[in-house]
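At each stop you'll be told what to pick, and then what to look for.

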Amino acid sequence: MRKDLAEQLEKVRSLISAHSRSSREVYLDLENSGLIFEESLEELIEAYRSRGNPSITHRPGWWALEVILEAEANLVEFVNAGNGELVFTHSGTEANNLAIMGLARASNGRRKILVSAIEHLSVKFPAERLQNQGFKLVEIPVDGEGFVNLDHLASQVDGDTLMVSIAAVNHEIGTIQDLKSIAEIVKDKNSEIIVHTDACDALGRVPLDLERARIDMASFSGHKILAPKGVGALFIMEGIKIEPILHGQLSSQRLWPGAENIPAIAGFAKALKLFRENFDEYRSKMIKLRDTLIDGIFERVDEVMLNGPRGDNRAPDNVNMSFLYCEGEALTVELSLRGIYVSSGSACTSRILEPSHVLLAIGKPYEVAHGSILMKVSPMHDDEDIKYVLEQIPEAVNRIRFISPKAVM
Amino acid sequence: MSSRIPLPYSPKVLELFRSPKNLGRMDDANAIAAAGSLACGDMITIYLKIDEQAERIIDASFESYGCAANIATASLLTEIIKEKSLREAWSISWKQLSDELGGLPPIKYHCGILAVGALRRAIRAYYKDRVKPDWLPEELTPDERHALEEEELVKILSKRISVGRSGQDKDQ
């Protein structure tokens with residue numbers, strides 16, 4: 001084996017063996033990778049065994065086509081998307097890139113792109129990149145809970161505006177935006193302006209009615225609804241001009257070449273079905289787990305704050321809290337040793353050594369961002385999981401705080 | 001060379017994170033210094049107890065606000081410098097710390113630099129009102145400068161953010 005790879009492999013293997021496995025494990029890092037419904041996993045395995053490529057004229061090919069069509073029907077009905085096409089990508093990131101870059105490529109002269117200051121990096125970075133090609137990017141500020149400043153948005157929409165992209169639900173702090181008012185502001189000024197929403201964190205968790213809200217494009221992600229990784233989708237309303245951003249062949253879809261991930265799409269369809277059929281039940285379950293977790297942490301730990309809104313305007317699954325004087329990356333490692341898996345907005349967990357842009361945009365100081373922990377609950381969690389997390393968090397926070405310089409506390 | 005950006009820690013880092021040595025403030029220290037800040041997300045305070053006759057470190061301890069690598073680096077440093085002369089302690093490099101930790105991921109090199117920066121500040125603090133030895137440079141060393149830069153980083157970033165915001169205002 002090549003020497004550098006062998007060294008890395010040896011290192012990570014010895015790390016895993018040194019990191020003892022906790023007798024109890026609770027996976028709450030659904031922001032970065034998912035749990036999966038057993039039923040979705042079964043669909044995925046079955047599809048690997050039997051389905052082919054939907055572009056080809058043979059039985060396994062037609063069987064694959066059936067999977068795609070069923071998934072499309074499940075998704076567009078679930079979010080009431082109206083007439084248009086659904087493009088399956090391999091992730092939510094790809095769907096967001098296609099929306100932003102693909103629309104820009106097809107633009108007939110309008111150059112202004114509006115995004116909120118707290119968008120996912122898969123919206124923020126492509127939009128920033130387009131500035132090199134003569135597009136103008138304007139970030140719409142948000143308030144302390146992450147709600148888009150609608151007056152500022154209205155003041156920025158003009159004859160040069162090509163698109164507005166605002167996530168229905170923020171991925172880090174769970175803010176549920178008023179999509180209908182956002183689209184109304186935009187469409188009232190000019191109905192040709194395209195409104196895109198990153199709905200990856202909204203799907204299955206908040207009611208979505210894209211047609212009623214006048215949303216033109218929406219991105220989705222499989223692993224965020226307990227479906228397999230490796231599948232995302234972009235809905236594009238009929239009549240919108242969009243150019244492909246990847247080129248190749250062997251696909252049943254014009255806008256995304258390459259072999260479709262049929263097994264993941266089959267698992268996605270199953271998860272969509274489960275979320276649709278049990279929508280109210282899942283929602284109340286997540287809200288209960290979320291509030292038990294938030295309230296329990298407030299009761300047990302001092303010097304802690306909730307990032308994002310409380311109550312009905314917060315995504316049912318989102319818990320984002322900052323533990324002051326407790327560096328977030330150290331806390332993720334400490335919790336990992338206790339079998340609890342979470343992520344942090346600390347600069348130390350990022351590859352660019354800058355803390356979460358979302359927390360900074362809602363006006364949190366750096367030290368609050370560095371001490372933030374993001375957890376997401378799901379229908380697969382139960383009261384016992386939350387009980388265990390609430391037992392462990394105070395001890396973990398105390399240990400990390402004990403290491404911190406007392407002079408600053 | 002692989003272009004991945006992995007963040008694996010060595011088992012040594014994990015072990016020292018779990019059970020850090022020499023943790024906590026030292027009430028009878030005769031040299032104390034900190035590097036970094038809460039705002040940069042990395043801060044190390046080093047406490048030294050120095051035998052004034054022999055100019056030798058008798059005891060050392062630390063406190064750290066930072067990631068697991070930061071904690072492990074500070075723990076290792078305080079182990080290494082015990083019983084060393086101040087001159088020997090001064091010459092410890094962040095690379096040496098990284099090597100002894102089984103190689104820090106590149107993105108965590110600054111943790112080692114910060115620890116060395118804090119130690120050198122503590123040694124300078126010790127000599128503040130004493131006769132400075134020949135081996136103590138007048139100029140800041142690169143590791144000390146880096147610690148300063150890290151403290152400045154937050155100011156630079158805040159400035160960048162406020163420039164971005166004023167840019168938006170101009171659009172209005």
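Which residue in β7(A) is the bridge partner of A:H196? Select A:H196 and follow the bridge into β7(A): you land on A:M217.

Before going further, a word on what's on screen: this is a predicted model, in which local features need pLDDT of at least 70, side-chain atom pairs count only at pLDDT 80 or more, and totals for chains, interfaces and linings use all residues. Residues are numbered from 1 along each chain as its sequence is written, while chains are lettered from A and ligands numbered from 1 in the order in which they are written.

**Stop 1: the sheet in chain A**

Select residues 194–198 and 217–221 of chain A. These are strands β6 and β7, paired in the parallel sense over three bridges. (Strands, E runs of at least two residues, and helices, H or I runs of at least four, come from DSSP and are numbered from the N terminus; two strands pair if DSSP finds at least two bridges between them.)

Now show the rest of the sheet. It is an open sheet of seven strands with mixed pairing, in the order β2-β8-β7-β6-β5-β3-β4 of chain A. Look at the edges: β2 (84–89) and β4 (136–140) of chain A each have a single partner strand, so one side of each lacks a neighbour in the sheet. On average, neighbouring strands here are turned by 20° against each other, direction ignored.

**Stop 2: β8 of chain A**

Keep A:M217 selected and step to the other neighbour. In β8(A), the bridge partner of A:M217 is A:I236. β7(A) and β8(A) pair in the antiparallel sense, over five bridges. Then β2(A) and β8(A), also running antiparallel, are joined by six bridges; select A:L86 and you'll find A:F235 of β8(A) opposite.

(Buried is 20 or more other C-beta atoms, placed from the backbone, within 10 Å of a residue's own; exposed is 12 or fewer, and partly exposed is in between.)

**Stop 3: helices against the sheet**

Select residues 59–78 of chain A. This is helix α3, which lies across β2, β7 and β8 (232–237) of chain A and runs at about 115° to β2(A). (Angles run from 0 to 180 degrees between N-to-C directions, with axes fitted to C-alpha atoms, for helices over the stretch in contact.) Next, pick helix α4, residues 92–105 of chain A: it packs on the sheet and touches β2, β5 (161–165), β6, β7 and β8 of chain A. (Contact needs C-beta atoms, placed from the backbone, within 7 Å.)

**Stop 4: one residue up close**

Zoom in on A:L114, which sits in strand β3 (residues 112–116) of chain A. A:L114 is buried, with 25 other C-beta atoms within 10 Å. Leaving out residues up to four places away in sequence, A:L114 touches A:V138, A:I140, A:L153, A:Q156, A:T161 and A:V164.

**Stop 5: a helix pair**

Two packed helices are described by the angle between their axes and the distance between the axes. Select helix α2 (residues 38–50) and helix α8 (residues 262–277) of chain A: they pack at an angle of about 150°, with axes 7 Å apart. That makes α2(A) roughly antiparallel to α8(A). (Over 145 degrees is roughly antiparallel, under 35 roughly parallel, 65 to 115 roughly perpendicular, and the rest oblique.)

**Stop 6: across to chain B**

Show helix α1 (residues 3–18) of chain A with helix α1 (residues 11–18) of chain B. Their axes come within 8 Å and cross at roughly 30°, so α1(A) and α1(B) are roughly parallel to each other. Here A:S14, A:L15 and A:A18 meet B:P11, B:L14 and B:E15.

Now colour chain B by itself: you'll find six helices and three strands. Its open sheet has the order β1-β2-β3, with antiparallel pairing.

How values were computed
Two residues are in contact if their C-beta atoms, placed from the backbone, lie within 7 Å.
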